[in-house]
Amino acid sequence: MAKEQIWHITIDGADHKVTYVRQGLRSGASALFVDDEEGKLFRPRDGYVDVPITVGGKECRFVMRGYTADVAVDGVFVDSGKKYRP
């Protein structure tokens with residue numbers, strides 16, 4: 001069963017939505033959408049991903065560590081508030 005996570009991000013006064021859809025641990029690739037436009041398809045490697053994404057013209061990072069996903073904007077994670085470190 002697919003699992004979906006959504007982040008609402010404001011960049012330069014404009015609201016944007018980043019959506020991550022995980023198909024399940026054993027099936028298909030996961031998908032990442034920015035403002036409902038089809039984005040990257042990928043398979044997490046041992047639960048880890050660190051890829052650049054463009055949101056509102058700004059480079060951000062989609063990061064998954066131990067199958068826990070978050071988006072970093074200006075070097076800070078949206079959910080956790082922690083500093084992004086590659």
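Trainee: In which sense do β5 and β6 pair, and over how many bridges?

Mentor: Strands of a sheet pair through backbone hydrogen bonds, either parallel or antiparallel. Here β5 and β6 pair in the antiparallel sense, over seven bridges. Strands are DSSP runs (E, at least two residues; helices are H or I, at least four), numbered from the N terminus, and two strands pair if DSSP finds at least two bridges between them. The model is predicted: local features need pLDDT of at least 70 and side-chain atom pairs pLDDT 80 or more, while totals for chains, interfaces and linings use all residues. Residues are numbered from 1 along each chain as its sequence is written, and side-chain values use heavy atoms, with hydrogens and water left out.

Trainee: Which strands form the open sheet, and in what order?

Mentor: The order is β5-β6-β7-β8, four strands with antiparallel pairing. β5 and β8 (76-77) each have a single partner strand, so one side of each lacks a neighbour in the sheet.

Trainee: How is a pair of aromatic rings described?

Mentor: One gives the distance of the centres and the angle of the planes. Rings of Phe, Tyr and Trp (its six-membered ring) pair if their centres lie within 6.5 Å; planes under 30 degrees apart are stacked, over 60 edge-to-face, and the rest tilted. The structure holds three aromatic pairs. Y20 and F62 form a tilted pair, 5.1 Å centre to centre with 40 degrees between the planes. Y20 lies in strand β2 (residues 14-22) and F62 in strand β6, so this pair ties together parts 42 residues apart in sequence.

Trainee: Is W7 buried or exposed?

Mentor: W7 counts as buried, at 2% relative accessibility; buried means under 20% relative accessible area, exposed over 50%, and partly exposed in between (1.4 Å probe, protein chains only). F62 is buried at 0%, and Y20 is buried too. By contrast, G13 counts as exposed at 70%; G13 is placed in the loop between β1 and β2.

Trainee: Which residues touch the most other members of the largest nonpolar core?

Mentor: In soluble globular proteins, nonpolar side chains tend to be buried together. A nonpolar core is a set of buried Ala, Val, Leu, Ile, Met, Phe, Trp, Tyr and Cys residues joined through side-chain atoms within 4.5 Å. The largest one here has 17 residues, of which W7, V18, Y20, I53, F62 and V71 touch the most other members.
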